[in-house]
Amino acid sequence: MAFEPPQRLVRALGETLHDGDDGARAWLEKLPELAEAAVSRRKLTVERVLVPGGRSSLVVLVRLPDGLPAVLKLAPRRARPGSERAALACWGGRGAVQLLDAPGEGVGTGGGENGGGSGGDGVLLLERLHPDVSLRSLPEAKSLLEAAGTLRRLWVEPPPGHRFETVAERTGRQAVAMRAGADADPDVAPLVDAALAARDDLLATAPEHKLLHGTFRQSKVLAGDRMPWLAVGPDPVVGECAFDLARLVRDRVEDLIASPSGAATTRRRVKRLADSLDVDMERLRGWTLFRAVESGVRARRVGRVQDSELLLEFAGWL
């Protein structure tokens, strides 16, 4: 079959050209060939490409040679598929989607940017969940409760000798881009200054170093058969738990901004999530500020003006 990448994926990878990354364009051009090879090598039967799909990978619903349903995921180097594979192997299906083809090497070590064994080509074979049923389908209070329970299962000690990126490393790269954004647009400078100051304080006093999902939000938790809810699509990082929880705080940000009580609701959400997962509330607030400002500045840089305005308004409430 023709493996046509969904437009959502094409648009998202197109944004990386703003950062001078031409690798995504080359990967997209080779994607049909890569998908055909991955399917043939594993003797899979293709059902369909998942649409609209994700912003960083091609997701294909397939069946194994024995007829069992599965998911084939193909991602470019910038999405760090090797790190995703290593994290999923470390979790072993506990709170997260299960790997179906184990790497030949590098389990729990990060496996480099492309991972080891069969993960070296940026291809993952995963158990089939229910792709159209995420936590966003639940009422907000219930979705946050289930999200917190899932996230708690993922926070484990990283394996010895791991090569996962750390929170300090990731946010260090982001801080450089944020400062450049503030220099180009003085309107965002006060929020960037506050976010970078919060980062410095938080890194100086980090209370723990756990393996984190890295990009956890309600849409990253899908209904399953083996367990009711399982996380997918990690961009793993090692650091304090408040960093991971911070992305969840701003879930459904468009609803928060539209609500006349959005600011008060946000502050209550910070406290409720911090209490439910035994995370310091001020540390959660600080990382929520940093991550919202970073996302807002990045959205502005690539031309997603409306997203940027929502995120920066949200950050101003913190």
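Begin by selecting helix 3 (residues 81-91), whose buried residues are covered by elements that include strand 3 (69-74), strand 4 (123-127), helix 4 and strand 6. The model is a predicted one, in which local features need pLDDT of at least 70 and side-chain atom pairs count only at pLDDT 80 or more, while totals for chains, interfaces and linings use all residues. Residues are numbered from 1 along each chain as its sequence is written, and side-chain values use heavy atoms, with hydrogens and water left out.

**Helix 3**

Helices (H or I, at least four residues) and strands (E, at least two) are DSSP runs, numbered from the N terminus. Buried means under 20% relative accessible area, exposed means over 50%, and partly exposed lies in between, with a 1.4 Å probe and protein chains only. Because nine of its eleven residues are buried, helix 3 is largely enclosed by the rest of the structure. Colour the buried ones, among them Pro81, Glu84, Arg85 and Trp91, and then step to Gly92, just after the helix, which takes a positive phi of about 55 degrees.

Select helix 4 next; its 15 residues reach 21 Å from the first C-alpha to the last, close to the 21 Å expected at 1.5 Å a residue (the expected span is 1.5 Å times one less than the number of residues). Its buried residues are Ser143, Leu144, Ala147, Ala148, Thr150, Leu151 and Leu154, and they pack against helix 3, strand 6 (210-212), strand 7 (221-223), strand 8, helix 7 and helix 9.

From there, move to Trp229, which is found in strand 8 (residues 229-231) and is buried, with a relative accessible area of 12%. Not counting residues up to four places away in sequence, Trp229 touches a set of residues that includes Leu138, Glu146, Thr150, Arg153 and Leu222, where contact means heavy atoms within 4.5 Å.

**Helix 9**

Now select residues 262-276, the 15 residues of helix 9, which should span 21 Å at 1.5 Å a residue and whose end C-alpha atoms are 21 Å apart, in agreement. The buried residues of helix 9 are Gly262, Ala263, Thr265, Thr266, Arg269, Val270, Leu273 and Ala274. These cover an arc of only 165 degrees around the axis, which puts them on the same side of helix 9; the arc is that of the directions from the helix axis to the C-beta atoms. They pack against helix 4 (140-154), helix 7 (241-249), helix 8 (253-258), helix 10 (281-301) and helix 11 (305-316).

**The aromatic cluster**

Continue to Phe243, Trp287 and Phe290, which form one aromatic cluster. Rings of Phe, Tyr and Trp (its six-membered ring) pair if their centres lie within 6.5 Å, and planes under 30 degrees apart count as stacked, over 60 as edge-to-face and the rest as tilted. Trp287 and Phe290 both lie in helix 10, three residues apart, about one turn of the helix, and both are buried. Show Arg291 as well, since its charged end sits over the ring of Phe243, 4.2 Å from the centre (NZ of Lys or CZ of Arg within 6 Å of the ring centre and within 35 degrees of the ring normal).

**Two cysteines**

Finish with Cys90, which is partly exposed at 28% relative accessible area, and Cys241, which counts as buried at 8%. The sulfur of Cys90 is 14 Å from the closest cysteine sulfur, in Cys241, too far for a bond. The structure holds zero disulfides, a disulfide being a pair of cysteine sulfur atoms within 2.5 Å.
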